[in-house]
Amino acid sequence: MPAMLILGIESSCDETGVALYDTNAGGRLLTHALHSQIAMHRDYGGVVPELASRDHIRRTAPLLRKVLSETGRKLDEIDAVAYTQGPGLAGALLVGAAFAEGLAVALGIPVIPVHHLEGHLLSPLLSRQPPAFPFIALLVSGGHSQLMRVDGIGRYRLLGETLDDAAGEAFDKTAKLLGLPYPGGPALSGMAEHGRPDICQFPRPMLNSGDLNFSFSGLKTAVLTHVREIGTPDEQQRADIARGFQDAIVDVLVKKSMRAIKHSGLTQLVVAGGVGANWELRRRLNECAAKAKVSVFYPEFELCTDNGAMIALAGALRFEAGLSLKSAGAFAVRPRWPLCELTG
Ligand code: KG4
Ligand code: ZN
């Protein structure tokens, strides 16, 4: 198969990501560029969809120019455009999809619509020590918390998922409760470092449910009740609450992941999605995995949250597997799109 230069475009939420991936010699990410909208949404305490869409319009072309100039490649060298088709915010997805499809029509090249979560799932393959199929994946982002068995490209089996809030969502909502700025996950995790262990004991939801599902909304309510009981928590009390919350959520994620590994008989665990950037989660997972002789794989730290590199990679792997390639032109985005509907 001739080498292909794949452009990847991510625009599903509040990050515009553009990347170039070369399939030559086993494949290599040439570069990626990112614009985060965090500063823009911060005043509103969360993502404002219309502002997100408008900002993607402003950012995509300059980011494309940046990756081309960084790599010394020309627009007409691109062989296919991979873009996030869903899930995500409808307007934001439409911007990336329209840009990708329009560019592909102009260049006379095909497109590869990509599932955002598949991008996250495969992102550890870009690291220096990548996992090999099959593996168990813990996918923990702002919108999803799932345990999957991954047997190959497009061969994903859902083992368990959250019944209510996603792990990232629980971090964000709890952080808001503690008066921390958006996005709450990293802020809460920073605050938890100053918290004392075991001062705040919060419930471990569904820890012993016997299945691999999660539920995090009760944990958030337990924090709310605790904050109300205190009234106005001081700095140390807020840090203790953050620590108690993080310990509870990490405990559940680690135990369920290890249970999934045990049931499957596999020895590799991949952690992907924004919450995978949480150091305490990494520390605890590494500790438990080492005891169980299991290898844990993470994306490079900067690729944990949304980016174009994972979309370019997923596009390249789909292309190589003979999947998803379509002619540019008519298109639709899929704001809601269960990963299990994806075919291999
Ligand atoms: O994967 P991602 O960038 O976007 C989605 O596809 O949702 O994940 C964003 C989520 C947010 O909820 C954010 O608060 C959380 O990941 N997050 C973290 C950390 N960094 C990002 N949660 C806990 N600890 C972190 N260090
Ligand atoms: Zn994401």
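**Exercise 1. Find how many residue pairs are in polar contact between domain 1 and domain 2, and which elements of domain 1 take part in the interface.**

Solution. 
- Start with the count: 5 residue pairs, both members at pLDDT 80 or more, are in polar contact between domain 1 and domain 2. A polar contact is a pair of N or O atoms within 3.5 Å; within protein, one must be able to donate a hydrogen and the other to accept it, and residues adjacent in sequence count only if both atoms are side-chain atoms.
- Next, the elements. α1 (38–42), α4 (116–122) and α10 (309–320) each give two or more residues to the side of domain 1 that touches domain 2. Helices (H or I, at least four residues) and strands (E, at least two) are DSSP runs, numbered from the N terminus.
- The largest share of that side, 5 residues, comes from α4.
- Now sort that side by class: 11 nonpolar, 5 polar and 4 charged residues. Ala, Val, Leu, Ile, Met, Phe, Trp, Tyr, Cys and Pro count as nonpolar, Asp, Glu, Lys and Arg as charged, and the others, Gly among them, as polar.

Ground rules: this is a predicted model, where local features need pLDDT of at least 70, side-chain atom pairs count only at pLDDT 80 or more, and totals for chains, interfaces and linings use all residues. Residues are numbered from 1 along each chain as its sequence is written, chains are lettered from A and ligands numbered from 1 in the order in which they are written, and side-chain values use heavy atoms, with hydrogens and water left out.

**Exercise 2. Describe the area buried between domain 1 and domain 2.**

Solution. 
- The buried area is about 1,700 Å², and carbon and sulfur atoms give 74% of it. Buried area is the accessible area (1.4 Å probe) that two parts lose on being put together, summed over both.
- Leu117, Leu121 and Cys304 supply 34% of what domain 1 buries against domain 2, more than any other three residues.

**Exercise 3. Locate the cis peptide bond that joins Tyr182 and Pro183.**

Solution. 
- Its omega is about -5 degrees.
- Pro183 sits in the loop between α5 (167–177) and α6 (184–192).
- Most peptide bonds are trans.
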